[in-house]
Amino acid sequence: MDKLIKEFGVIAAGIIGLATIAVLVSRNAQTGQVIQSGGQAFAGLINAAVSPITGGGFGVGSGSGFGGSAF
């Protein structure tokens with residue numbers, strides 16, 4: 001039974017991988033924009049992670065109240 005579940009997992013992973021490749025190479029995929037947006041989101045996360053150390057906020061002029069010296 002355990003081997004059967006493992007086989008279904010392998011098949012599901014293959015289907016998901018194939019679907020991912022199909023979406024990436026599709027003419028309507030706009031892959032470049034998706035990668036650029038992901039990079040910007042990652043850069044924002046890094047900025048938020050180091051802001052307590054560097055004294056920066058979560059963005060330039062964000063006005064969120066979380067930047068600067070809160071203590």
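**Briefing: a chain of two helices**

Isoleucine 15 lies in helix H1, which covers residues 2-25. The model is predicted, and its protein chain has two helices and zero strands. Of the 71 residues of the chain, 3% count as buried.

**Surface of the chain**
- The accessible surface of the protein chain comes to about 6,100 Å².
- Carbon and sulfur atoms account for 69% of that accessible surface.

**Helix H1**
- The 24 residues of H1 should span 34 Å at 1.5 Å a residue, and the end C-alpha atoms of H1 are 35 Å apart, which agrees.
- H1 is hardly covered, since the count of buried residues among its 24 residues is zero.
- Isoleucine 15 is exposed because its relative accessible area is 55%, and the cut-off for an exposed residue is over 50%.

**A nonpolar patch**
- Met1, Leu4, Ile5, Phe8, Ile11 and Ile15 form a nonpolar patch on the surface.
- Together, these six residues, Met1, Leu4, Ile5, Phe8, Ile11 and Ile15, have about 700 Å² of accessible area.
- An α-helix has 3.6 residues a turn, so residues three or four places apart point the same way.

**Helix H2**
- Helix H2 covers residues 31-54.
- At 1.5 Å a residue, the 24 residues of H2 should span 34 Å; the end C-alpha atoms of H2 are 33 Å apart, which agrees.
- H2 bends by about 30 degrees at alanine 48.
- Glycine 55 follows H2, and the phi of glycine 55 is positive, near 85 degrees.

Methods: Residues are numbered from 1 along each chain as its sequence is written. This is a predicted model: local features need pLDDT of at least 70, side-chain atom pairs count only at pLDDT 80 or more; totals for chains, interfaces and linings use all residues. Side-chain values use heavy atoms; hydrogens and water are left out. Helices (H or I, at least four residues) and strands (E, at least two) are DSSP runs, numbered from the N terminus. The expected span of a helix is 1.5 Å times one less than its number of residues. The bend at a residue is the angle between axes fitted to the seven residues ending there and the seven starting there. Patches are made of residues with over 30% relative accessible area and no salt bridge: like charges are joined within 9 Å, nonpolar side chains (Val, Leu, Ile, Met, Phe, Trp, Tyr) within 5 Å. Accessible areas come from the Shrake-Rupley method with a 1.4 Å probe; for residues, only the protein chains shown count as cover. A salt bridge is a side-chain nitrogen of Lys or Arg within 4 Å of a carboxyl oxygen of Asp or Glu. Buried means under 20% relative accessible area, exposed over 50%, partly exposed in between (1.4 Å probe, protein chains only).
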